[in-house]
Each structure stands twice: as C-alpha cells, then as structure tokens.
2 protein chains.
Amino acid sequence: MTSIRILGLEALDIRFPTSDELDGSDAMHSDPDYSAAYAVLRTNVPGLEGHGLTFTIGRGNELCVAALRSMSHMVVGRTLESITRDFGGFWRTLTSDTQMRWVGPEKGVIHLATAAIVNAVWDLYAKHERKPLWKLVVDMTPEEVVGLIDFRYISDALTRDEALAILRANEPTKRARELELQKRGYPAYTTSAGWLGYPDDKIRRLCREGIAAGWNHFKIKVGADLKDDLRRAAIVREEIGPERKLMFDANQRWDVAEAIANMRELARFQPWWIEEPTSPDDVLGHAAIAKAIQPIGVATGEQCQNRVIFKQLLQANAIRFCQIDSCRLGGVNEVLAVMLMAKKFGVPVCPHAGGVGLCEYVNHLIMIDYARISASFDDRVAEFVSHLHEHFENPSVVASGRYLPPVAPGYGITMKRESLARFAYPDGPAWTARTKRVAQR
Amino acid sequence: MTSIRILGLEALDIRFPTSDELDGSDAMHSDPDYSAAYAVLRTNVPGLEGHGLTFTIGRGNELCVAALRSMSHMVVGRTLESITRDFGGFWRTLTSDTQMRWVGPEKGVIHLATAAIVNAVWDLYAKHERKPLWKLVVDMTPEEVVGLIDFRYISDALTRDEALAILRANEPTKRARELELQKRGYPAYTTSAGWLGYPDDKIRRLCREGIAAGWNHFKIKVGADLKDDLRRAAIVREEIGPERKLMFDANQRWDVAEAIANMRELARFQPWWIEEPTSPDDVLGHAAIAKAIQPIGVATGEQCQNRVIFKQLLQANAIRFCQIDSCRLGGVNEVLAVMLMAKKFGVPVCPHAGGVGLCEYVNHLIMIDYARISASFDDRVAEFVSHLHEHFENPSVVASGRYLPPVAPGYGITMKRESLARFAYPDGPAWTARTKRVAQR
C-alpha cells in the first residue's frame, strides 16, 4: 500500500460579505463577514487532499492565513502514517514550536491556525480510511482514543487512566448508540432568529418559521441595551410559548456585577442559559455569576482559548453548559480532551456552531460525544444556524430540529471549488463586485 | 501650536541570532532568536516619530509584524491630541475592533501588536512633551492616570474609585519618592547567569561576576530535568552564599502535581520564588501550587495574556510576585491597570524583562510603580539581563544592582538606525551572512 505523504499546504483567505445583511451580528461583533482561513493539504496520491479551516469574522483572517504558512513546515513532508501513529505527540509538536509558542502559547491566531491544520489532517485521514470522521473515531479502541490526546496541563483534572475508564465503560454499548444516532439524529437548536441587528418583525417571523420547522430551543443575542433586550426577549417568549427553551447570549458584553444585575431582570423570561456573560478569560467571574443567578445556567466556550481554560471552568463550577468550538480549540484532539473532562465533571457539551463550516464540523463531534463519551442526550443541544451551508460539498443535514450523522468520507469541510474561487479575498468576484457596488453608492 | 498627526505606521521585522550562543534558552524555548515587531509612527512634524516594539523569540515575529499592518488603520490619520484626550477610550478601540477581536480577543498575536502600537504612541507623546515616559506619567494628576485605564472586565476587583483612592493617597509624597529614585535607583536582579543551555563552569563564572557587580538576586532556569536542576541549583547556592536570594524559573514545563513534587525537592536550596511553574493560563493551578509549596512564593506573568488573567491570579491568591510584561500586556495603559490591582491585593510587582528592549521599557514602569502606586521597595526587584542593550539609542542603565531613572525624552525603545538595518529579517546583513555561514558548514 502506498504511504500517503503531505507534499504541500495551500492557505486560502475566504470571506463572505455577511455584514451586508447583519447576519451574525451581536453586541461585540456588529458587522461580521464570516470567513475562513482555509488549508488544503496536497498529497502524493492524485485526488486525495485534506481540507481544514478555521473560522473568523473578517479582518484578522489574513493573520490566520499567514500563520498557516508559518506553521506549514511542521506538516509538509510528513507521511500521514507518521502522524496518526502518535497523533497526540504530533499535536504537541504543533503547539510547542520553541519559537512560535511565544506568540501564543496555545491561544489566538496561532491556535486558530493549529485547528485548521489539525482538522485538515483529520479530513485527510478520514478520507483515506473512506469513513466520515465521526465513524473513524467511534471505531477506534479506547487506547487509540487516549493516544490522540495531549494531557499536558490537564492531568490535575483528568488523567489518562480516568479518560480510559470513561471510554471503556461506554465501549460495550457504543454500537447501540451509533444505531440510535443513525435513526434519531442529535438534538439541535437554532440561533437564526435572534441576531442583534434584526428588526422586531423579522424576529417574530423567524420564531414562527422556527417552530414550524420543529425547533424547541431558541437563542437570542442580548447585551447592547437592557431595555432593548427585555423587549426582544418578551417577543420571543410570547412567540415560542412557555414550554420551549429560551437562551440568551451576551457575547462578553458585561462586567461581572453588570451580568448579575441584568440577568436578574431578564430572569422573568425563564431563560435556560446565559451564554458568554463576560470575558471568556474570566473563570472566576463566570463562577461568581453562576452562583448568583442559579437556577439559570451559565454557558460559555466559543472564545475559550484552550483546554486549560475549560479545565478551570469545570473545576470552579463556573459553567453548566460546555460550549466547545471546533476551531477555537486546536482541532479534534483537543476537543476530545475537553469532552472527556466535561464528562468527568458531569457537565453537558453543547457545541458552538454557526459561522461558516462550524455546523459541518460539529455534526461529527456530537456523534462522537454521544456514542463514546457522554452517552446521554440530557440537557444536550448543538447549535445550528442556517446559512452558508450551500458552499460545502457535503453540508450538514438537520431535520426536525436534529442533526443527522454525516455519511461522506472526511471531516465534512471541503468547500466547493466555485465557492473558494468566488469568495477569495480580496480578489474573488464576490469582493471585486462588492467594491464596485460600494463605490457607486 | 501645531497639532501632531500620525501619517503612517512602518512595521519592521527585526531579529537577533541569539540562538547561536543559547542566550535566553530555557525548558520550553531552547533556541530563541530575540526579535522585535517594531513600529515607527511617522508624523507631520519633521524629526518627531513614535517608536514601539513587541518582543518575540523568532518564528512568529512575522505574524506580529503583519498584525501591526492589519491594525494600522486604527492609528494612522489620528492626531496625538485626539488619542491622549481619552487614552483609555483609544485603548478600548484598539482592542475592540468588531472583526479583529475574534482572533484574540486581547491575547496572542493581536495583543502583542497592540502593545507595540500603544507603546509607540506613548513614545511619541513623551518625546513631544520632552520628558521620559515615567516622568510624564508621574506628573499627571490622579484623575488623568485613571483616564488612561479601561476598567472593562476588572471592575469586580478594582473600581475607578478604588484606583483613584490609591493614587490620591500617594499624591502628596510622590515628589519625595521621585527624588529618592533619582538618588538610589530601583532594585534589580539578573538572569544572565542561569540560562539552561549554559555549561556548569560558565554558570559558576557568571555567579562570581554577578556578585562582583553588586547583584543580590540570582535566577536560574529549571524544568527540563530534575537531577540537572538540583545540580545547577547547588552550584548557584554555593556561589552566592546563604544570604543572597535565589529564584527558579520553570518556564511552564510542569503540570500541577509535578510542580509541587519537584519544588519539594528544590526547596532545599531555599528559593525565594518559583516562576512559571505551569501553564500561564492556569489560575487555579497556580493557586494550588502556591498553597502547597509555601513559604516559597509563586511568580508568574511574562506570558499572562491580559489584565483579566492577572485579576484572577490576584483574586485566587495564586501569586506572591506579579511579573507584568511590558509587551505581553497591551502597553502602558494595561500595565497601569495591573499595577493598581496588585497594589490593592498587596502583591509586589516584579516586572519581567530581558529579551530585547524589555529592560528599556521596564526601567520606566518601575519608576511609575514606586513613585505613584506601590510606594515601596519591599520584596520588589525588576529583572535585568545584560544583552542587546547596545542597539538602543538610550539603553537602560543599571549600577550596583539598581536601575537608574531614564533621562532622555520618550519611552526609551528607539533603536539605532544601523541596528534596524543590520538585523532586518530576513534580508539584513546579519542574516544574509549567517545563512552563508550555515551553508558553508
């Protein structure tokens, strides 16, 4: 059998002008252009490539693209087998470059780029094995799964042996859960209704459409102005009725005392969770908020930089919902570490998604979590946002409010060739046309 | 009076091939090439420029340089007066770009670049006022100083009013302390002796030279191998005697339990502090270590990403020494926030320095801390490393183990024109010559 060798890494700057419609707008990110620093791993086998991306919201994407180029020497020239033989070790190498770690370490631009590279390797691996990524991981032995993980800096919360014990306990029943996922899918929720930039009547209409489409969880953005938040929350609660779940997302807008005071007002709409009430770096702040506003749960994670922050959020009882992000964390390997810690601490993982490609990634991760780690649907929902899926060769599929298991080989992120060309920044036709439009106004 | 307008930001990639001599080597960074992402703010006034840099150790410096370019639109075109009129507001603008914050926020590459820009503005401001930076800040009113600070995410630990109270209490005596600094300087310590890559006889020789030069604090790198650490610690303790202070620096090499176990062994050499025992992101880990190894103090900060992490380290009693970094934090403004929090929590600030330019920066910051904030020398020492100072127009001056107050206008970081040319990466003569040397081996 030919060994697969990575011959090159192509880094692309792909951006969608979503700020034109205020899709994705929130209290801190008022004009996002959903973007991807996109990595293509070329190999010696014709037609076999690994695709991976990290998600950003516009400016700054060029820095992640530059980081992909700066890090490419760590993967180009390697055989796939030399990586997968010790994937945990490879992951540590990527995150431990003796010079580059200074500009992280394991955070921000270089960690976002790490995710794109790691996920591209996983895509290549899964395509080579002709399995969807989730199935590849579900089929591994418990020992193989712990071999994927770098336990550095988390061994005080989760040892290799504890991780093994979790995986072994679930091993005999994983096939039954896999079949259940094939039949029933995994529960999702939608954020499409409540972007901060949307007018009230659009929110009302989207709520009704959401209910008709089978959604039971509705999330809205808050944080810019309390009076405005109260009005919009009232609209959504009125539309979805008392039984369906309502979640708030403050996108880091508040200080600790402010979060507590505002949530005491917003509590009248019986929210299930408040997401990102304050700085993603503030473990102790989240813990103080969590204590003050129970029974409302605190949720965070989409901007939590790495497993060390998640470890502390769990240790400090700071979150009741663990919102891992498939690109903010350093790819599948670090996501698995966080999912295993969450399992040990009894906290449900409810992944962040939306953006561009995040739903496609998350679709795999939730299948792994249910089949191998959590073995439960209780209090678990994965985010789904219904835009930009049309750019992927194998977009995630949601039916009646549930994600269905991906079937195509790979990690699901391969973008259509025409989308990569059209939304290349700044020279793709979508951007040159926009520039012309703006100039004509 | 002409208003000063910033017309351009020039971003330079400057690197020194320090890895040739293993200067600065430690357990995680075995081959540093001390580097600077260097910003020059051009103005409408001939000869008046603001210079700032952020320090890195080689690869990855290009990402900080790229970030300077990506952020330049936030400063180019502004008048100096429009910035200094509301410097806290300007700082928040720089760190809150609605798209770019996604690849941070306030951490890693973009926050390092923020430091270079903010510090370049301070340099311009101080040069324009014809004062060394420390003197400019010491001369401000308490109200002006709190106006420099963005209290977002720290108000649960330090309010604007609390900061004002600290500054006002010290106001009547600040001139006396200023005079004292002019006379006596500020206590320093050296790390020049104990880089991990140095052989034993070099360590011994450097200890003797250090004592002869008047040093009373000696720091050595540990963490790669316990047996090796014990041997090197014994050499240094033997050379410096029982009275002088010995500090260890593990550069994040250990997990929490490992740090505790190793420090129980190293305790026999009566260390004053252990620096960076584990991940810089691990507030709770540092707290656990601090509790287990007292009376040895825990020190950290050089890779603590922002004021939110420092806030928590202080809230959790995780550090006994607060090692702010002039470039890791987002420039003077955020450093002041951390110094004020440290004062409130009663923790001495012992700045990280070394690298290239960090001593030059720190020289100003310690003067501000003593004159305005801490008003104490107790348990306070600032790091000093004796290399690369020759590249600066106004290098920091240390005599008899004490930093002397800078006298030249500005923030002290302006590099000599010939050094900027010679060490430009990758095309400066220092690098082209090195490439030739390596090729000839």
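The model is a predicted one, in which local features need pLDDT of at least 70 and side-chain atom pairs count only at pLDDT 80 or more, while totals for chains, interfaces and linings use all residues. Residues are numbered from 1 along each chain as its sequence is written, and chains are lettered from A and ligands numbered from 1 in the order in which they are written.

Turning to the interface, 53 residues of chain B are in contact with 53 residues of chain A (C-beta atoms, placed from the backbone, within 7 Å). Helices H1 (61–71), H4 (108–128), H11 (256–266), H12 (283–293) and H13 (307–315) of chain B each supply at least two residues to this side; helices are DSSP runs of H or I with at least four residues, strands are runs of E with at least two, and both are numbered from the N terminus. The most comes from H1(B), with six residues. By class, the side of chain B that touches chain A has 22 nonpolar, 19 polar and 12 charged residues (Ala, Val, Leu, Ile, Met, Phe, Trp, Tyr, Cys and Pro count as nonpolar, Asp, Glu, Lys and Arg as charged, and the others, Gly among them, as polar).

The axes of H4(A) and H4(B) come within 4 Å and cross at roughly 160°, with axes being lines fitted to C-alpha atoms over the stretch in contact and angles running from 0 to 180 degrees between N-to-C directions. That makes H4(A) roughly antiparallel to H4(B) (an angle over 145 degrees). Here Gly108(A), Val109(A) and Ile110(A) meet Gly108(B), Val109(B) and Ile110(B).

Two further helices of chain B are well covered. In H1(B), 10 of the 11 residues are buried, so this helix is largely enclosed by the rest of the structure (buried: 20 or more other C-beta atoms, placed from the backbone, within 10 Å of the residue's own). H12(B) is mostly covered, with nine of its 11 residues buried. Its buried residues pack against H12 and H13 of chain A, and against H11, S7 (273–275), S8 (297–300) and H13 of chain B.

Note on methods
Two residues are in contact if their C-beta atoms, placed from the backbone, lie within 7 Å. Angles under 35 degrees count as roughly parallel, over 145 as roughly antiparallel, 65 to 115 as roughly perpendicular and the rest as oblique. A residue is buried if 20 or more other C-beta atoms lie within 10 Å of its own, exposed if 12 or fewer, and partly exposed in between; C-beta atoms are placed from the backbone.
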